[in-house]
Amino acid sequence: MRRARLVLLLVAVVIAIVVAVAAMLPNVTDWTRYRGTLEALAGEALGRPVSIAGPVALSLLPEPVLTASRVSVGGGGGARITVRELRLGVALLPLLTGRVDARSLTLQRPDFHLPWPPWRDGALAAPPWPTELSARVQDGRIEAGGVVLTNVDATLVAGQGDATVTLIGSAAEGPTTWNLSLMLGKPQADGSTPLEASLQGGGEVSGTAAKVSGQLSPEGGIAGHLALDGPRLSELVAAPALPFHADGSFTFERAAVRLSGLAVTLGAVSAHGDGRLTFEPNARLDLALTSEQTVPLDPWLGALRRGGESRLPVGLSLSAPRATLARGLLRHLSLAMVLGPGGADVGSFRAILPGNAALAAEGRIMRAGDASAGWQFDGTAHLAAPSLLGTVHWLDDAAPGVLPPLPAGVLGEAAISGRLVVGENAFALSDLVGTVDDSKITGSLSLGLGGRPAISAGLQLDRFNLDPWLPTGLRQVPPHRFFALAKLPALFTGMSIELRLSARTAALGRMTIGGLSLDAAAEPGQVILRRLDATVDGVHAIASGTIGKGGEVTEGRLALTAPGPATLVRHLPVPFKVAIGRWQAGFSLNATAAGPPRGLRMAIEANLGDLRLTADPVVDLDSGTWQGPMSLRHPGAAELIAAIGLANPVAWLGPGSLSLIGEAAGGERNWSLRQFRLIAGGLHASGNLEILGDSEITGNVHVSSWPLPMPGSTAVALLTGLIGGEKATVGLSADRVMVGQRVVLEGVAGGVKVVGPDAVLNVNGNMPGGGALAAVLRVAAGSGPPQFRLGAAFSGVRLEGGLTAGVPDLQSGTLDGRAALSAEGYGPAALLATLGGTVGLTLRDGVISGLSLAGVQSALAAEGNNAEALAAALDKALAGGRTRFSRLDLTAHGSAGRFRLEHARMVGKEGVIEAEGTLDLPARSEALRFAIRPALAGAPELLLRLGGPMAEPKRVEEISAALQWNGRSSKQQ
């Protein structure tokens, strides 16, 4: 027992001495002499020359280790390796004899700078590994081709088992940790080396794995099979978070890695194809994939919007028969793009969109200039759509509430191209060119989706139909209710609009608009019309103004110009249509407007030639009514009347200007002019008129002095035009009615009534010298020439001055009578040619000129007259002088302008005169026979015949009976 204790004690002492010696040995020995040995051993292990610049030290515990600092590994090929500290494990006993027997190699915090591409100078060739070696890398760093791996911790074992080299370890790429393994088998008879490698993700990429198996050729190439799996593709590249799997064959040659027979599964979609990874001049991966399934594009579009970039450029060519995007089905998808560090270059995108629209686009997906705007696509696009509205409805379904409601019947067949910019919250189409609905279109269009939708458009079109684009409540607004557009601000709640629109021609209802130019803006509660420029049927219009909250109008302006009043006339009541429609003069109108909808204050000034209209109405836009003072002036009333078609108005109207002043009012269908005063030359009138609807006129008019024109052809046409198709009931009164300078009626009262094409004029008045007249004139202005029927009754009319310039002529008397006449035609000649009817007159206590019944009586009663003297006396009495009568009765009937005296008898104290015959008014001729019976007992009847032109009729006197009677009388005496 004691002996055993002694042995144990001795062993302990020896161990202690050895330990003490081992502890002191490194400090007392210069190990720098092993620098060359260490460089050779490390170089043999790494296959590259090793240089040690720092000191070399030995530590024996816990095991013998030679440590060198400031180590670099080179040897060509572009690879550069620096090591902070190199540790070489050695056997102790050989070391004590001065020989280094390496057992392990450790590189502490090495920094690897590897060449790229990796095949340069045989970098892929297997180094001459030692038969047995265990090498370890701790806290290393590897940089190759712009990729940096940190926290590299790996163990390399050589010469064990069937493997030449085995590498197992881990590394970090950014925040991601990867576990890796590599196994190089023993060289084969052909010089190739089996290769197996795997990569396992950790942390965020946990579950992601890659496996490679193949053969490493002596020349440095690799051929084999690869497989890649993972739960979330988004952890690797800019892609949606889909589970993925890919496998296929690869060949690593000096220029690139070729991928063939690829089978790829992304989520539920499978694809197949080929690929290529190139290294020069820059590294890039290209994939050409084809899928027979429906490819959902929304996840990919979202991934690109969130950050469409990749440090390794990836070119993707994808084709699929179907794809889904924004709730719509796309057909015949073809996509070619490159995903790179700065975004994605889309070389080609082609698909058939919903609505059968063919879209072709190319451009770039990149980060917008404003970082807050996210990512955007900037490129060009071409769209060919058989029904653009159907495609737009798909976009509306994809983003409800973003696009404003679009009417039916618009955006039909279209083919457009332009620059397209689509961002997180914006859409812009510029340099637009193409056709929509057979109309050429150019310009730009943008849509902002951030916060409040904003639409901006600058478009130029050949033709544009405005009707479908007007809000439903405004589409059928008649022209006089145009200002109902003040309700527009309520239509733009929640959006902003900038609109610049021009069209060579546009259509609105039945109107054709030429040269349309619109510059307007709208935002919640406000519509700004910067300028509206258009020409409608020759009327050029310019408008501007602002419609604010509640319909408040500010700075409203409207200017109209036209070479004539034709278009204006269409919107006026019929009486104005007929009169103004005949006037050919330049027209202009300037108006301003301001105020709320129920009290819009306007100032209007319009000019038609020298005719000037001013008005200051207040308009109620809600009810469409207006009211305010107005005035109408012209420097020459006769000139104005002549312009509308009445010949020689100065002769009956007299000189002077025109002035019409009154209080005007109107509504959707009614007009009125109240308390008006009219002065036109010698015409002075006042009263009230109201126009109901388009054609019914009511009111009353009082004229102090009413000059009447002679019935020329233009006057008749104007009169029938005024009443054609109208309905009117207007009371008329006049202080006096004049023909030329002669007063023909005084104290006139009556009225006019029009029903359709028929009019009735009632007149009751007093004759200047006494007596009364009541007349009814009926006018039928239907199809064909206008027809006139006059019924008149007069009594106690004092006749003075003669009726005609003929011989004989009625000079004075008190006249009673009735007349019923009719005629038709457009002028005096036609009226005379068709004049017919009946006239009955009774004249009391009058005088007839051009014949002296007293002279006849005296000539016959004279004694001693010979035949010659008697003939001369009778001729004088029948050719001149005057005859008083107590009563004259006359009845005439006629047709076609020819009147026959049915009964004409004048009775006086000097005798009786009876007449018969005809008057041909159209021919202005007469054939009359006067039978003269003097009041002398037994006296014979004398005859006077007048024939031929009325102005100078041929006189034939038949006095033979008187001469014979005178001879017999003398003989008897």
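**Entry 1. Whole chain**

I began with burial: 40% of the 973 residues of the protein chain count as buried, where buried means under 20% relative accessible area, exposed over 50%, and partly exposed in between, with a 1.4 Å probe and protein chains only. The model is predicted, so I note that local features need pLDDT of at least 70 and side-chain atom pairs count only at pLDDT 80 or more, while totals for chains, interfaces and linings use all residues. Residues are numbered from 1 along each chain as its sequence is written, and side-chain values use heavy atoms, with hydrogens and water left out.

I looked up the secondary structure next and found 14 helices and 53 strands in the protein chain. Helices (H or I, at least four residues) and strands (E, at least two) are DSSP runs, numbered from the N terminus.

For the surface, I noted that the protein chain exposes about 48,900 Å², by the Shrake-Rupley method with a 1.4 Å probe, where for residues only the protein chains shown count as cover. Carbon and sulfur atoms supply 58% of that area.

I then took the contacts (heavy atoms within 4.5 Å). Of those between residues at least 6 apart in sequence, 45% join residues at least 24 apart.

**Entry 2**

I followed the pairing of E18 (residues 314-325) with E19 (residues 328-340), which is antiparallel and has eleven bridges; two strands pair if DSSP finds at least two bridges between them.

From E19 I went on to E20 (residues 343-353), which runs antiparallel to E19 and is joined to it by eight bridges. Ala 336 has Ser 348 in E20 as its bridge partner. E19 and E20 also form a hairpin, with two residues between them.

**Entry 2. Thr 193**

I found Thr 193 in strand E10 (residues 193-202). Its relative accessible area is 8%, so Thr 193 is buried. Setting aside neighbours within four places in sequence, I listed its contacts as Leu 184, Gly 185, Pro 187, Gly 214, Gln 215 and Leu 216.

Asp 431 sits in strand E24 (residues 426-436). With a relative accessible area of 61%, Asp 431 is exposed.

I also checked Arg 924, again not a glycine, with a positive phi of about 55°. Arg 924 belongs to the loop between strand E50 (911-920) and strand E51 (925-934). Its relative accessibility is 59%, so Arg 924 counts as exposed.

**Entry 3. Helices H12 and H13**

I examined helix H12 (residues 853-861) against helix H13 (residues 867-879): the two pack at an angle of about 170°, with axes 8 Å apart. Axes are lines fitted to C-alpha atoms, for helices over the stretch in contact, and angles run from 0 to 180 degrees between N-to-C directions. H12 and H13 are therefore roughly antiparallel to each other, a label for angles over 145 degrees, with under 35 roughly parallel, 65 to 115 roughly perpendicular and the rest oblique.

On the H12 side I noted Gly 855, Val 856, Ala 859 and Leu 860, which meet Leu 870, Ala 873, Leu 874, Ala 877 and Leu 878 in H13. By class, the contact of H12 with H13 has eight nonpolar, one polar and no charged residues. Here Ala, Val, Leu, Ile, Met, Phe, Trp, Tyr, Cys and Pro count as nonpolar, Asp, Glu, Lys and Arg as charged, and the others, Gly among them, as polar.

**Entry 4. Ala 892**

I located Ala 892 in strand E48 (residues 882-895). Ala 892 counts as buried because its relative accessibility is 7%. Not counting residues up to four places away in sequence, Ala 892 touches Gly 837, Thr 838, Val 839, Phe 899, Arg 900, Leu 901 and Glu 902. Gly 837 lies 55 residues from Ala 892 along the chain, and I noted 8.2 Å between their C-alpha atoms.

I finished with E51, which pairs with strand E52 (residues 942-949) in the antiparallel sense over eight bridges. Glu 926 stands opposite Gly 948 in E52.

E52 pairs in turn with strand E53 (residues 954-958), antiparallel and over five bridges. I recorded Lys 954 in E53 as the bridge partner of Gly 947. The hairpin formed by E52 and E53 has four residues between the strands.
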